[in-house]
Structures are given as structure tokens and as C-alpha cells.
Amino acid sequence: MALKHVNAVVVGAGAGGGVVAKELSEAGLSVVLLERGRWSNFDDHDHDELISQRTTVLGNAFGPDDERHRRVVVSVDGSTRIVLPSEGGYNNNAACVGSGTVSYGAMAWRFMEKDFRMRSEYACPEGSTLDDWPVTYHDLEPFYEKAEWEIGVSGDDSRNPFAPPRRRPQPMPPHPYTLEGRLIEPAARRLGLHPFPIPMLRNTVPYGGRPACIRCRYCVGFACEVNAKCGTHNTVIPRAIATGNCEVRTGCIAAEVLVDEKARARSVRYFDAGDREQIQTADVVVLSGSATETARLLLNSRSRLFPTGAGNRNDWVGRNLQGHAYPGAWGLFEQEVYDDVGPGACIALCDFNHGNPGLRGGGMLANEFIRLPYLFTSQRPPGSPSWGPAHKQFQRKYYRRSLSIKGPVQEMPVFEARVEVDPAVKDHWGIPVVRLSGHRHEEDLVTSRFMASKAEMILKEAGAAQTWTSVPGSVLSGGQHQAGTCRMGNDPKSSVTNKHGRIHDIDNLFVADGSLNVTNGGFNPVLTIMALGYWVSNYINTEWKGTMFRS
Amino acid sequence: MLKKKLPRRQFLKGAAVAGCASLLPACGKLPGRWRFFTEAEAAVVSAVCEQIIPADQDAGAISAGVPNFIDKQLTGPYKRHQGVYRTGLAGVQETSRAMFGSGFETLNWDNQTSVLRALESDKAEGQAWESQSSRAFFQLIRDHTMQGFYGSPRHGGNRDYVSYRMLGLDYPQVIGQNRYKKSQSRKA
């Protein structure tokens with residue numbers, strides 16, 4: 001039996017799609033929200049380090065599963081290999097209602113004004129597709145605010161002199177500093193830097209009907225035991241459902257968007273939780289599957305008008321895949337610097353996001369989340385024994401006497417860093433899988449070394465007896481901060497969507513996730529993805545004409 | 001209608017034979033403690049794990065149940081590593097015999113360390129290492145040992161939370177006033 005036609009189908013219940021589902025259903029549209037994963041539950045994996053979002057050695061706590069999903073990764077030498085979701089090269093985010101917002105560390109950054117006009121600020125380096133966004137920070141500011149208040153952010157931007165202008169403060173105060181924060185703060189000040197508490201999508205006081213954080217040891221990588229972490233799964237998606245206009249269908253994997261002869265998206269073909277093929281027709285289709293899966297879905301949506309995939313007339317879909325290089329430094333101390341107070345990360349500085357001599361951009365630096373015991377076994381100074389009595393002794397002595405400062409480097413987009421669909425390999429449902437290839441721009445490594453040296457400088461000033469840096473290589477970026485594959489832009493020849501996230505040439509097909517990001521900021525991108533969800537929804541709702549969507 | 005209905009007498013005979021058959025292994029040896037490893041392999045695995053995380057003032061890998069953790073995972077999430085372990089453990093014995101003329105679990109501590117160093121540096125002798133890298137195998141068992149020792153106790157390792165206690169981490173974590181008092185009383 002054919003499914004009932006709806007006004008909008010949203011693919012992906014993560015940071016972007018959850019917001020879109022809520023906004024459209026509150027505006028009175030009938031909405032189906034398709035999610036390939038399920039509702040997650042803290043009790044499924046509780047505080048199990050080996051099945052968490054950070055350490056997936058015994059499986060992915062929040063999906064997808066290794067049995068039905070796979071990707072192909074192309075190495076620099078051209079050889080290919082199949083990777084499973086629990087393996088590093090997969091560049092997984094998550095597959096559950098709320099997606100990464102269930103288990104994230106929840107840093108709630110607004111990008112800075114300059115992050116939206118990187119090309120104008122710095123000029124494009126050779127080998128990059130660096131460009132300005134077609135929107136400014138000021139266009140998005142009201143939508144950042146909406147995300148902060150509707151989903152919930154704790155922080156105090158008045159303590160960050162580099163923060164972009166805002167109309168309203170964040171709704172909740174920040175957590176007080178942990179022992180690490182109290183150590184870093186005066187050291188950074190002595191160096192003339194400007195540390196402040198990290199803004200977080202985490203309740204520090206009761207908010208939105210949920211309690212305050214109890215400051216446990218386990219945060220990033222885990223669902224919150226007391227529901228104090230603010231994701232789309234416990235804020236906007238329940239609100240969407242409460243309107244009575246939104247149906248969340250879990251366990252549903254989208255195969256393609258069907259585009260007709262008039263270049264309109266008609267429906268989404270998907271497989272439901274029982275592997276049955278379904279066609280959901282809709283007036284508007286919004287894709288929020290993440291930079292890898294949204295690109296895959298568009299590339300798999302082939303029609304007579306778009307033989308290489310919907311929106312891919314100029315071969316830009318899947319291009320410019322970015323994430324973040326994460327350079328940083330470690331310091332060992334004589335005294336204990338660990339107080340077992342979560343989430344661990346508490347203090348940051350934006351002194352190095354811009355204005356670094358000879359560099360294009362930079363990034364935020366922050367102390368790291370609590371590293372759990374297994375993860376800590378690989379955190380060693382170069383040349384240290386990786387096993388045996390000395391390794392164990394190091395673990396015992398320094399687990400509570402070490403700290404790390406690191407941060408995300410704003411990467412230079414590379415056209416060849418890309419998502420394609422593999423010509424041969426298919427998933428459990430017979431859908432061609434993601435094929436990843438390319439590498440980081442060499443400038444990212446220069447910026448990374450610079451950022452690592454600054455992190456090390458702070459640790460030394462804080463009294464570390466021994467320090468060392470860690471700088472990532474040039475491997476393809478993506479991971480949980482994946483972005484950029486359906487770039488928004490004013491010129492259809494060098495972008496995939498217009499400034500409202502609408503696919504060029506297809507009036508009723510939208511993207512609302514990190515794929516839109518022209519550049520990815522020197523920050524964790526989730527609040528920007530949420531803001532884009534509101535931004536795209538606002539346009540759809542404004543342009544909505546009864547039962548039809550017209551541009 | 002059942003055409004080949006089993007006559008009662010024949011069924012009883014069969015059941016008796018089956019019953020004996022199922023008892024037979026138990027007659028030969030004690031019911032195995034191990035799911036994947038043979039007893040001989042388990043002895044080698046245990047010795048390797050203990051080298052990786054030796055007992056000192058705190059428990060080592062064996063008393064933390066790490067070999068049990070690895071054995072358990074090899075029939076679950078680590079099924080894909082079964083072949084690597086079977087070949088690798090045979091390789092450890094080959095290398096051990098080539099270097100010291102005896103099985104790994106019988107060597108003294110320092111000789112065991114030497115064997116593992118040979119594996120780690122990919123300079124180990126043995127036919128097994130023609131089909132797979134000794135270094136890769138060593139890194140695999142090292143990672144698994146770390147996981148079993150430092151990971152969550154629910155998977156069969158980290159028995160009695162030994163590694164958490166070694167690091168001064170209460171488990172389950174106690175949240176509240178008592179925690180702050182305790183952390184204040186810890187000597188820096």
C-alpha cells in the first residue's frame with residue numbers, strides 16, 4: 001500500500017535534520033523524519049569505554065553496525081580497501097535518533113565573522129577551493145541564538161574577547177573550572193592570552209525540563225546518564241513529535257531521491273526497518289544525512305535530467321570533504337592535575353583562530369575531555385615503551401598527572417578530497433556505498449604545527465615537567481566534524497546549493513547539515529549545523545504556499 | 001502423517017548413544033575453561049599478556065582476567081582475528097624454540113621479554129611469520145591486553161576493577177559531596 005503523501009520528508013535525525021523536522025512541523029507541515037538508526041538508550045552501553053563513540057574496539061555504541069554497512073577507502077597509492085563502521089578509516093559519525101548529538105562532547109561554538117569570508121581575508125592557496133560563504137555571520141546570528149535557547153547552551157561569551165557579536169547571552173552559566181582549568185587559566189593569562197569557559201550544549205542548571213550535569217567522568221563518547229547533555233534527540237525532535245505533525249521512522253535507510261522530468265523531487269525511496277522497500281512522496285525533501293551520507297544519497301539519485309546524481313550537474317557533489325586536523329600537546333606534571341570532575345574540557349582560548357602571521361586562519365585551543373584508562377594507554381611521549389613494566393608504571397604515575405591541550409584547525413578545502421559512490425561495492429540493501437579519497441591540504445599541517453607549539457607553550461607556562469606535541473598527518477579528513485561536500489554558493493558552477501541550502505536546479509530539494517559548510521571554522525561545527533537547520537527551515541517556511549512549494 | 005516414525009526402542013538406543021557421545025569429552029578431560037583457545041594456547045596467551053602488563057604492587061594481566069577477555073572476544077566481536085591468533089600463537093612458540101629451545105610459557109621472564117621484542121621488531125624466526133607479520137600480531141595482542149586490563153569489567157577482564165583501583169578511580173563513580181572530600185584528601 002502506498003504511503004500517505006506528506007508535505008516534507010527529512011532524511012537524517014541528527015543536528016541538522018532534527019531541527020528541520022521541528023521547525024517544519026511547528027509551522028504546520030506534515031513531516032516524516034527518516035532515521036537509519038534507532039532511539040538510543042544510556043543503558044545499552046552505559047559507561048563502557050570499549051563500546052563508546054571514541055573507542056569502538058568492541059563495536060559502535062551508537063551505530064551504524066558492522067554487519068550491514070561498509071565503505072571503500074582509496075589510499076594515496078590508489079589501492080582500495082573496504083572499511084567497516086567501527087574501523088577508523090570509515091569516518092563514522094553515528095546512526096541513531098539525535099546522531100552525534102547523543103554522544104558528543106557538546107562544545108557549542110559559533111563560527112567567527114572571518115570564518116565566513118576566508119577567501120576575502122586570506123586569498124585562496126594553491127591546490128585549494130577556499131571561498132567565502134554566501135551568507136555572513138550576521139545572517140546566521142539569529143539562528144545561532146535560536147539554537148542556543150531552544151536546544152540549550154551553557155557559557156559566557158562576555159569572557160571571550162574574540163567572540164563574534166551577539167544579541168542575547170547564552171541561556172545558562174558555564175560550569176566552574178576543574179583543577180586543570182584552574183591551572184591553565186593563570187598560565188594563559190601570564191602569556192597574554194584570553195582563556196574563558198567553553199560554551200557547551202550541556203545543562204549546568206535545570207533547563208528545558210531536564211536536570212543539570214552531575215559532572216561525571218564519562219561524557220564525550222557516551223549518552224548522558226541523567227539526560228543533561230542537550231542533543232536534538234531530547235529537545236527539538238520530541239517537540240516535533242509533540243506537534244502531532246511529525247512522524248519519526250527509525251531503522252529506515254534512504255536509497256535515493258526520485259527526481260521527475262520537471263526537475264522536481266517527488267519522493268524518497270527507502271528501506272524500512274523490515275528491509276521492505278518504500279516510497280515516500282513529499283512536496284519538499286530535505287537531506288540531513290551528514291557530509292558523507294548526504295553526498296552519497298545525491299550521487300545515487302540518478303535521473304534523466306541528472307544522470308550523475310541530483311544536483312551534480314557540475315561535479316561538485318561530494319567534493320571538498322573537510323573535517324578538522326587536531327594538533328595539540330601533552331604535559332606531565334609533578335603534582336596531580338586530575339580531579340575526576342567531568343566533562344573535563346572546560347577552558348578554551350580563541351587567540352589563535354585568526355591573525356596568525358603567515359597562516360590562513362588557525363583554530364581554537366581547549367583542554368581535553370577526561371581521557372579514560374584504555375585511551376590513555378596510547379598517550380605517551382615519543383619513544384616511550386608501549387608495554388611492559390615501564391608502560392604500566394607510567395599509566396599509574398601519570399594518569400592523574402597529565403593534561404592535554406588541543407584544538408581543531410580550520411582546514412583549506414581540497415577539491416580532490418571527496419565522497420563518491422563505489423561502482424561495485426554495495427551495502428546490505430544493495431545501495432552503492434561511499435567511496436572516500438583524497439588528502440588534506442599541506443597548509444593544514446603548517447597550521448597544525450603552529451597550534452601544537454602554542455598548546456605546548458601554555459603547558460610549559462603551567463609548570464609541566466615534560467611536554468610533547470602531536471600533529472596529525474595528511475590523511476583524508478572527515479570524521480565526526482565532516483563537512484563541505486554540498487557547498488552553498490551563489491554561483492551554480494562552483495557550488496551545490498544556493499545560500500538557503502536549496503539544490504541548484506531542483507526547487508524543492510534541500511540540504512541542511514554540515515555538507516553546506518563552505519569552510520569548517522576552527523571550531524567544533526555542531527552549533528553551526530544546528531543554526532543552518534534553522535536557517536534552511538526558515539526559508540522553506542517563508543516560501544511555503546499552502547500545499548505546494550514554490551520558489 | 002509421519003511416514004518414518006521412529007520406533008520407541010530405536011529412539012532409546014539412539015538417545016543412549018548420543019548421551020554417551022556427549023559425555024565422552026568430559027571423560028577424557030575436564031570441561032574446558034576456554035571458548036576459543038586450546039589449553040596449550042591459553043598458557044602462551046597468558047604468559048604474553050602478563051609480559052605486557054606484569055603484576056607489581058598492583059595486579060597483572062592474568063589475575064585481571066585478560067586472557068579470559070581475549071578468549072571471550074575472539075568468539076564475539078574479534079571473530080575476525082581468530083585465524084591471526086591461531087597462526088600467531090604457533091609463531092610465538094616457533095620463535096621461542098628457535099631462540100631458547102623451549103616453549104614460550106616455560107621460559108624465564110627475561111627470555112620471554114626477548115622473544116616479544118623480536119616479534120615487535122619484526123625479526124622473529126618462524127614459518128608462521130611468512131604468512132603474517134610478527135609485529136602486527138604483537139601489536140594486536142598488546143592492544144587487546146590493554147583493552148582487557150583497562151576497559152570496562154563487563155567484558156571479562158579488569159577483574160575486581162583492578163585497573164580502576166590502580167588509577168584511583170572509583171567504580172561505579174560516586175557522585176556527590178563524598179567525592180569532593182575524597183579528592184581533597186588525596187595527597188598531591
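Predicted model: local features only at pLDDT ≥ 70, side-chain atom pairs only at ≥ 80, totals over all residues.
**Interface between chains A and B**

The contact involves 27 residues of chain B and 24 residues of chain A. Three helices of chain B each supply at least two residues of the side that touches chain A: helix H2 (39-52), helix H7 (134-150) and helix H8 (162-166). The most comes from H7(B), which gives four residues to that side. The side of chain B that touches chain A divides by class as follows.

| Class | Side of chain B that touches chain A |
|---|---|
| Nonpolar | 12 residues |
| Polar | 10 residues |

**A four-stranded sheet in chain A**

In chain A, four strands form an open sheet in the order E4-E3-E15-E14, and their pairing is mixed. At the edges stand strand E4 (80-83) and strand E14 (418-426) of chain A; each has a single partner strand, so one side of each lacks a neighbour in the sheet. On average, neighbouring strands of this sheet are turned by 35° against each other, direction ignored.

Strands of a sheet can pair parallel or antiparallel, through backbone hydrogen bonds. E14(A) and strand E15 (residues 432-437) of chain A run antiparallel and are joined by five bridges. One residue pair can be named here: A:Lys426 has A:Pro432, in E15(A), as its bridge partner.

Helix H8 (residues 291-299) of chain A packs on the sheet and touches both E14 and E15 of chain A. The direction of this helix makes about 60° with that of E14(A).

Terms used: Residues numbered from 1 in each chain as written. Chains lettered and ligands numbered in written order. Contact = placed C-beta atoms within 7 Å. Nonpolar A, V, L, I, M, F, W, Y, C, P; charged D, E, K, R; others polar. Pairing = 2+ DSSP bridges. Axes fitted to C-alpha atoms, helices over the stretch in contact; angles between N-to-C directions.
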